Amino acid sequence: MTGTGFVRVSRSPATRLAFLFSAPALTGWRFLVSAAEVRAEGRTCVMRRPDLVPDCGNCAALCCVATAFDASEDFAIDKPAGEACPHLGDDCRCTIHDELVARGFAGCAIYDCYGAGQRASANGLGTHFLALREVHELLWLLTEAAKLCPRADLRAELDAEIAILDAIEPAHDLELAARTRAAHALLRRVGDVLLSRPGARALAGGTSRGSALLRVRCRRS
Ligand code: SF4
């Protein structure tokens, strides 16, 4: 995961809504906002909030230590949470970065910490990296939802939730759990609004929900 930067999903803007509507609620949002970062020629480019973009050069390889993998088509080995990957070098860089897929670590190539890694590294929050990643992923989803939502009242709710999450302490598990539930509920409401737009369901029906993003199986310990 170190040195990989973040994944850009190359899909046309026309498929952004389709991915939202063709996948389960929150998975759909992940597809949607990934697709919103398309940088391909002649396509829409919606930049992620800068602090939600991974900066592997300023991270102590937290994802290569904190996350757990199950041996699968995406990870060549089992690795428990909290144990450094055997491919992690002393300089906190991946020693097989240029051949991740060939070596059976495609999951690393698409992993995204949403900027939690550099924030945790800079603030001595390494033990809270996974909680912070959850916060940052929600912030990513909410900020992108705010760009797409046509209703001012819902955009105000999204902005309020973003402000709360920006201030949350990742160590407070109970508070994080409550905020996660609130954010998910709000995202579903925004999704319902988008789904109710003319033609949205038809657009969704013609699109596959498959994506490599689904295959990332990092989990909290
Ligand atoms: S193979 Fe290991 S060191 Fe390399 S990116 Fe994946 S987890 Fe990190």
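Let me start with helices H6 and H7, which in this predicted model pack at an angle of about 160°, with their axes 9 Å apart. Because an angle over 145 degrees counts as roughly antiparallel, H6 and H7 are described as roughly antiparallel to each other. If you want to find them on the screen, H7 covers residues 152–167, while H6 covers residues 129–148. The crossing that H6 makes with H7 is left-handed.

Which residues of H6 meet H7? On the H6 side they are Val135, Leu138, Leu139, Leu142, Thr143, Ala145 and Ala146, and on the H7 side their partners are Arg155, Leu158, Asp159, Glu161, Ile162, Leu165 and Asp166. Sorted by class, this contact of H6 with H7 holds nine nonpolar residues, one polar residue and four charged ones.

Now let us turn to the other partner of H6 that I would like to show you, which is helix H8, residues 173–195. Here the packing angle is about 25°, and the two axes lie 10 Å apart. Since angles under 35 degrees count as roughly parallel, H6 is roughly parallel to H8. The crossing of H6 and H8 is, once again, a left-handed one.

In this second contact, H6 contributes Ala131, Glu134, Val135, Leu138, Leu141, Leu142, Ala145 and Leu148, and these meet Asp173, Leu176, Thr180, Ala183, Leu187, Val190 and Leu194 in H8. The classes here come to 12 nonpolar, one polar and two charged residues.

How many of the 221 residues count as buried? The share is 39%. As for how the chain meets itself, if we take contacts between residues at least 6 apart in sequence, 68% of them join residues at least 24 apart.

Finally, I would ask you to look at the ligand, which has 10 residues around it, and of these Cys64, Cys85, Leu88, Cys94 and Cys108 come nearest. What classes of residue make up the shell around the ligand? There are eight nonpolar residues and two polar ones, with no charged residue in the shell.

Definitions and conventions:
Residues numbered from 1 in each chain as written. Predicted model: local features only at pLDDT ≥ 70, side-chain atom pairs only at ≥ 80, totals over all residues. Near = placed C-beta within 6 Å. Nonpolar A, V, L, I, M, F, W, Y, C, P; charged D, E, K, R; others polar. Axes fitted to C-alpha atoms, helices over the stretch in contact; angles between N-to-C directions. Helix = DSSP H or I, 4+ residues; strand = E, 2+ residues; numbered from the N terminus. Parallel < 35°, antiparallel > 145°, perpendicular 65-115°, else oblique. Left-handed = near helix turned anticlockwise from the far one by under 90°. Contact = placed C-beta atoms within 7 Å. Buried ≥ 20, exposed ≤ 12 C-beta atoms within 10 Å, placed from the backbone.
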